[in-house]
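Here's a walk through one protein model and the molecule it holds. Have the sequence and the structure open side by side as you read.

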Amino acid sequence: MKNFYITTPIYYVNDLPHIGHAYTSLCCDYIARFKRLDGFNVRYLTGTDEHGQKVENAAISKKIDPKSFVDNVSKNFLELTKVLNLSNTDFIRTTQERHKKSCEFLWKKLYDNGHIYLGKYSGWYSVRDEAYFQESELIDGKAPTGADVEWVEEPSYFFNLSKWQDKLIELYDKNIDFILPKSRRNEVLSFVKGGLKDLSISRTSFSWGINVPDNSDHIMYVWLDALTNYITYSGFGVDEEEFKKNWPADLHVVGKDILRFHAVYWPAFLLAADLPLPKKVFAHGWWTNEGEKISKSLGNVIDPVKLIDNYGLDQVRYFLLREVPFGNDGDFSKSQLLQRINSELANNLGNLVQRVVSFCLKNTMGKVPNHKEKFVKEDLEIINSFENELTTLRDLINKQKLDESLKEIWQKISKSNKYIDEQAPWNLKNSDIDRMNTILYCLLESIRQIGIFLQPVMPDASNKILNIFDLKDSERSFKYLSSRLISGINLKKQNPIFPRIET
Ligand code: ME8
């Protein structure tokens, strides 16, 4: 079995989860579930980023000690993995012992390889971004993200990032898809070409972090600590064999705001520690809410839990993945969500399943009918198209064109709806039962294939669809697309899969 390893960023535990967290996790879940059905042994990592000044400040403002604070807030993110029905295979917390070991091991490797030196940092720091900024990067005295910055002067260890400029450029040139989408790749490339400064990788002015080995006056910079989570899960510093087996990751999915950390700092750390590099970093865009930037001060933060309570999990999963071309910014609009639920889920998909199965319950004694007739061209287009569809979907998923992969599945659904209208099996009830049965057979077979394809995006609804045919778990993978439905099996009645929502 081939391995596939995908990661979300690990989320800061200074506050409650929001739509951005849910979005990244769902995109990864979609890819992870797809790969699993396609025969890969999938490792899907998510978790929480619990150290640093931002989290320490949040704990102080709540008058709770940092450890109790992060224990509490991290639970909300763990809970979110259940609410979103994620298929993650681990949930890492940077306060775990295994992670501390991994960070210490990486630090020592960097140090022993001669890439860390002690100095003094003086410059601007944004706590909200947990990032250093040069004077020239500030806009009206603030970080480019709009966050406040403070002047920091403290002893600090540095990583010799400046030495890695050529190697990084070579990496981007040789691996044209290392950073996607392309527009983001160009941004990173010009940033690196502009020259890199050595990076401060330790702090002394607060203590909520992992101690630097052999100098407990310093804690590690939270981004060095956080990025290391991706190798902690692979057993780095604990089990060499496991690590070799499991690393590198195939895909880091991140938001566009944290691409620099993943596409510049992270590969530089790994190169300096003589470790293999991840294969790809994909940066997605940001959501606005009804055209407005999402921010706490505007009070328009979208709570994914409430959203799911109101509209349903599979509906939200589908909407978020389908609405924006993956990599672009997107706007969350309630009317657009309702429109997609009613037209694409209730009308297009829901009706197809409902009318075919109801018709069979009345006219084929609730069984998958026999097909005595030979299949004609139109039938074969419905039941034999899966091979091409799977090839197309694979290609789209491998290129992270998630929205397009859903469009492709909906084309199949529309094709089946068109087929039922054109073939009109209801007109054949009294005149040509054999042809009617053949048409219904083809429609049921197409619904089975659609059910299999839909599993990554809507695990619950596709489960209901596949339960109509009482398929075993083992019969739901892509391998089974080519095995046809057996005539004579009983169909199980299902309630409407996607009821319309009145607007
Ligand atoms: O950055 N739309 O964590 P985080 C889409 N701990 N995505 C959004 C968004 C929006 N409106 N707002 C935020 C961190 N995000 C670090 C990561 S990884 C080693 C450490 C996304 O909790 C944002 O782009 O601040 C980021 O990818 C993710 O939420 C987590 O942000």
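## Ground rules

Helices and strands here are DSSP runs numbered from the N terminus, a helix being H or I over at least four residues and a strand being E over at least two. Two strands pair if DSSP finds at least two bridges between them.

You're looking at a predicted model, so to speak of local features takes pLDDT of at least 70 and side-chain atom pairs count only at pLDDT 80 or more, while totals for chains, interfaces and linings use all residues. Numbering starts from 1 along each chain as its sequence is written, and side-chain values use heavy atoms, with hydrogens and water left out.

## Around strand 12

Let's start with a hairpin. Strand 11 (residues 211-212) and strand 12 run antiparallel and are joined by two bridges. V212 has N215 of strand 12 as its bridge partner. Two residues sit between the strands of this hairpin, and D214 takes a positive phi near 70° there.

Strand 12 (residues 215-220) also pairs with strand 10 (residues 202-203), again in the antiparallel sense and over two bridges. Look for I219 in strand 12 to find the bridge partner of R203.

In general, strands of a sheet pair through backbone hydrogen bonds, either parallel or antiparallel. Which order do the four strands of the open sheet follow? It's 6-5-7-9, with antiparallel pairing. Strand 6 (131-133) and strand 9 (199-200) are at the edges with a single partner strand each, so one side of each has no neighbour in the sheet.

Further in, strand 5 (residues 116-126) and strand 7 (residues 150-159) run antiparallel, joined by 10 bridges.

## Aromatic rings

A pair of aromatic rings is described by the distance of the centres and the angle of the planes. For Phe, Tyr and Trp (its six-membered ring), a pair needs centres within 6.5 Å; planes under 30 degrees apart count as stacked, over 60 as edge-to-face and the rest as tilted. The structure has 28 aromatic pairs. Y5 and Y233 make an edge-to-face one, at 5.7 Å centre to centre with 70° between the planes. Y5 is in strand 1 (residues 3-7) and Y233 is in the loop between helix 8 (229-232) and helix 9 (240-246), so this pair ties together parts 228 residues apart in sequence. Both Y5 and Y233 are buried (buried is under 20% relative accessible area, exposed over 50%, partly exposed in between, with a 1.4 Å probe and protein chains only).

W247 and W266 are edge-to-face too, at 6.1 Å centre to centre and 75° between the planes. W247 is in the loop between helix 9 and strand 13 (251-255), and W266 is in helix 10 (residues 259-272), 19 residues apart. W247 counts as buried because its relative accessibility is 5%, and W266 does so at 0%. Ring pairs link Y5, F105, Y230, Y233, F236, F243, W247 and W266 into a cluster.

A charge sits over a ring if NZ of Lys or CZ of Arg is within 6 Å of the ring centre and within 35 degrees of the ring normal. R43 lies over the face of Y233, 4.0 Å from the ring centre, and the charged end of R260 sits over the ring of F191, 3.6 Å from its centre.

## The ligand

How many residues surround the ligand? There are 22, the closest being I10, D49, G255, D257 and W287 (near means that a heavy atom of the residue lies within 4 Å). I10 places one 2.8 Å from a ligand nitrogen, G255 has one 2.9 Å from a ligand oxygen, and W287 has one 2.9 Å from a ligand nitrogen. Taken alone the ligand exposes 670 Å², and the protein buries 93% of that (areas by the Shrake-Rupley method, 1.4 Å probe).

Strand 2 (11-12), helix 1 (19-37), helix 7 (222-227), helix 8 and strand 13 each supply at least two residues of the shell. Helix 7 gives the largest share, three residues.

Y23 lies in helix 1 and is buried, with a relative accessible area of 2%. Its C-alpha is 26 Å from that of D148, 125 residues apart in sequence. A32 is also found in helix 1, buried at 0%. The C-alpha atoms of A32 and Y44 are separated by 6.6 Å, with the two residues 12 apart along the chain.

Definitions and conventions
Polar contact = N/O pair within 3.5 Å; in protein donor to acceptor, adjacent residues only side chain to side chain.
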